[in-house]
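Subject: The structure we talked about

Hi there,

Here is the structure I promised to pass on to you. Have a look around it first, and then read my notes below.

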Amino acid sequence: MMKNMLIAVVATLLFSAGCAKEFPLVKDGVAMCRIVVAKDASYAEKFGAKELATYLERASGAKVGIVDRTENDAAYRITITVKSNPLEEDGFVIETNQKGTTIIGSNPRGALYGCYRLLKDRVGVRWFMPGEDGEYVPSKKTVTVVAGSTAFKPALRCRNVSSTWNSALLWEVRNGFVPNGMTCWYEDKKTGGLSERGRQCEEMGVAPSGIGGHVMSALMFGGGWGKTKPERLATATRYFKEHPEWFPMIKGERYLGTVSNENSPNPCLSNPELLDHMASNLIEAIKGPYGAVGYCTLGNNDTTKWCECEKCRALDAPEAKGTQGERADRYWWVVNELAKRVWKVLPDAHLGGWAYQDFWFPPRCVKPDKRLKVTVSFNCQCWRHAVNDPDCTVNRAFREVYAEWKKLGMPIVMNRDEIACSGAPGSDYLPSERVLRDSFRAYPELGCAGSTLFIAAPSDTPEFCAWERNDWPFYGKNLRWRAMWQTLYLAGELMWNPDADFDALYEESNALYYGKAWEGGFRDFKRLQTKLFETTPGCIGLGMDLTMVGRCLDVIGSEDKLGALMEKAVAAAKAEADPKCLKRILTDKEIFEKTWLDSAKRRRAELGALDVFRAEREIELDGEAREHDWKVANVRPFFGKNRANVRACWKERELRLFVEWEQGPMTLSFAFPDGSDKVERVSVSASGKVSSTVPDVCAKINGNKAEFAIPLASTGWRCLDGGNWKVKVGDPDSLHGFVQMRMIPARQGVFKVEKTYSYWRNATFDEGYPTSNIAKAQQWVHWTNEIGVPDVPRPWGGPQAWGATKSHEPGGSDRYVTILPEKECVFSQGYVAPVSGKMRLTFRARGKGSVRVWSACYHTEPVTKLMSETAKGETFKLTDAWQTYSADFTKTGAPDESVMVRFFAVDAPVDIDDAYFNPL
């Protein structure tokens, strides 16, 4: 039998129809088959038989019987069994001939997968989401199978979804994932046997796991840690009294911790007595029949706070200090020690650790035991780009981590894809399916065995909704699974075969899920949404700011186009009168509003400086933003009478600008940071004619897009790291409306945040937040609110400042500050840059008195210390009209040097705007 198998490297998604002979399972609504499963078969095999019978009946109306042995009759047989075969864990074979169809699993879960594969391929059943609402069961009176033999083996060994609700677990196994559950579910405490939930888990092929996650304190306190906060505190207090040496030493003293959750500092893990105790608690938790089956991840408490005692610090590799592997040796030494103790008692226990926080990289000296499973929790992963995208600075760091782990040759290294955590594509409604497919293709080469996709409960459970009531974007309304249903559904197929026909899978799933709404406008909606997502500059992922999603709508007219297509799709769904499809498209509309539209609104309210990166490659002047430097450039929208978007990049002697605008003529203004009031301009007339105040400007006009190359030789100026220019689109005669343009060498990486080249921020005072958002000790108690929220300019320092933020026009976003001549009033900002020498402060001011500016340099290592020889001040007499003033200071070039600039109102209130600080 095995000789006739077609052994596939990856899953074959569809049986080949060709000229092969077909055999009916159901014909004209009448059952022509029986399902055969042995009396002593596993729960999963028997459940697979039930699922086959249930969905064959739902599709065709035919009742298909289930028997435990072969009958001597003419009925066609579907036999479900488990046998050893070359397909390893979870693989299965489907063999079909005139006598019957046999589903052969390499394990019980593999046999269950085979049953679902048969239902998908021959009946057309789909499970898009957990629950009946997420199912698609076609009406099919005749169901046939095709002669042949096909083997299915997943491309990725690790295929998990984090949600542990029963409806989610069933959805997972139906779609090829490995559902995970807790060992505590399996035991009936009254009878000592298998509990009802345990039986359900066995049916679904759930992989039981013992205690795992952020468990260092949990293993120290044993069962007392999983109780209420008062119970945990009582347990911790007792242990602290009995064994203070087990607790972390923080600033020279043993520390009890908050014990409110797993965020307390990690215990004193160099203590061998504590490790014995923790291992004993772990053994007790997993010694049952199911406790050693799944992997227990022995993770640190969710904090970077570790014991500071001499023995614990000695476990760290000195050469790793300051890197993202700083705690790796200590952490993996602890995991090795715990595992060694457990394996003495439970040699078959499956244990693992993770790469996380300050130990993403492997240890330098300690060798993790090869029996351990490694989970890389790379929280910063970018979901706009595949992990092997050479231009993605975030995922470049991802590859660095995996390259180091690959060198160690650990047998199982998997990824923790936090794709549905807050701020990630699932929750933010981003079309990341193709990116995920490309990452799955790259995983084996990187040494990654697969991933766990994190997602919330699939239903509106009160516990979950209460937990996320303050969490953007849904604020307690559980829409996360519906927002990312397609990402998860397609991931199930692509983890088995990342080379499957993606477009066919994508088209089919959407057409079935949305019904007439798909062809009625939603297909075009998704195409535009995907294009906007994939072409928006920058990275996006967990922990990035909430406006990242809104940046996808920077393209002029995109929001209106998406809105119109959504309304068109809703109208098509209403005309179809299918309540299920109508509910789905209306839910998508709500999700779109809560994610993309809300994020765009936030972005417009929080628009700040335009960060401009040094050009890395040659750019053809063609009026199209197709080159690398334009693709990675930040976009700064201008919302005036003529909506426009500006991008920029620079070389020392050339400034490149790319502008898209709504209609008609356009004028782009910019100013060199030289302290003068002179503003340079490049303009495009309604007929496309270019004019400029800078000689030798080269331009390419392409409709309402313009690309400019501005040579700086004739200006006497040049672009410098840390430089701060200003730019705007709009009224060329007004001194207002400019935004800061900051010169930065390149996008920063993830691990090593390179020295920030321009800490000077918010030169225009337009960015702000309410003083109530600041820690109480740092609040600006003397700052008045004259414009409404936001009222404090960030990141200016002003806890001792007396004054207010004001608008040039009532209700406008163009702001300035007023500082008062109070004795203790200090209004300041710091600046860090690698350049040395002369620095220039330029600012606009008005008033009836004088303003004093003061600057000095400071050493920042090991403690902040004034470099008194650099201190310098200058006083300016003001007028009632806005004037530009400048003062020069000097930076010495010390490696740990920062600069402080302070403003003082001398004898009367002073209005200040456009305060720029620049290297010369």
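Which residue lies over the face of Trp-882? That is Arg-844, at 5.1 Å from the ring centre. Before you go further, please keep in mind that this is a predicted model.

There is another example of such an arrangement: Arg-584 lies over the face of Tyr-513, and here the distance from the ring centre is 4.2 Å. Tyr-513 also belongs to an aromatic cluster, together with Phe-128, Trp-485, Tyr-489, Phe-502, Tyr-506, Tyr-514, Trp-518, Phe-522, Phe-525, Phe-592 and Trp-596.

Now for the aromatic pairs. A pair of aromatic rings is described by the distance of the centres and the angle of the planes. Searching the whole structure turns up 54 aromatic pairs. One of them is formed by Trp-171 and Phe-177: the ring centres are 5.5 Å apart and the planes are at 25°, so this pair is stacked. Both Trp-171 and Phe-177 are buried.

A second pair to look at is Trp-783 with Phe-827. Their planes are at 5° and their centres 5.8 Å apart, so these rings are stacked. Trp-783 is in strand 35 (residues 783-785) and Phe-827 is in strand 39 (residues 827-831), so the pair ties together parts that are 44 residues apart in sequence. Trp-783 is buried, and Phe-827 is too.

Next, please find strand 23, which covers residues 610-614. This strand is mostly covered, with 4 of its 5 residues buried. Which strands does it pair with? One is strand 33 (residues 739-744), in the parallel sense and over 4 bridges; Asp-611 stands opposite Arg-742 there. Another is strand 25 (residues 644-651), again in the parallel sense, over 2 bridges. In strand 25, Trp-650 is the bridge partner of Arg-614.

Is Gly-623 buried or exposed? Its relative accessible area is 0%, so Gly-623 is buried. Leaving aside neighbours within four places in sequence, Gly-623 is in contact with Phe-658, Lys-700, Asn-702, Lys-705 and Glu-707.

Enjoy exploring, and write back with any questions!

Best wishes

Technical notes. Residues are numbered from 1 along each chain as its sequence is written. This is a predicted model: local features need pLDDT of at least 70, side-chain atom pairs count only at pLDDT 80 or more; totals for chains, interfaces and linings use all residues. Side-chain values use heavy atoms; hydrogens and water are left out. Buried means under 20% relative accessible area, exposed over 50%, partly exposed in between (1.4 Å probe, protein chains only). Contact means heavy atoms within 4.5 Å. Rings of Phe, Tyr and Trp (its six-membered ring) pair if their centres lie within 6.5 Å; planes under 30 degrees apart count as stacked, over 60 as edge-to-face and the rest as tilted. A charge sits over a ring if NZ of Lys or CZ of Arg is within 6 Å of the ring centre and within 35 degrees of the ring normal. Two strands pair if DSSP finds at least two bridges between them.
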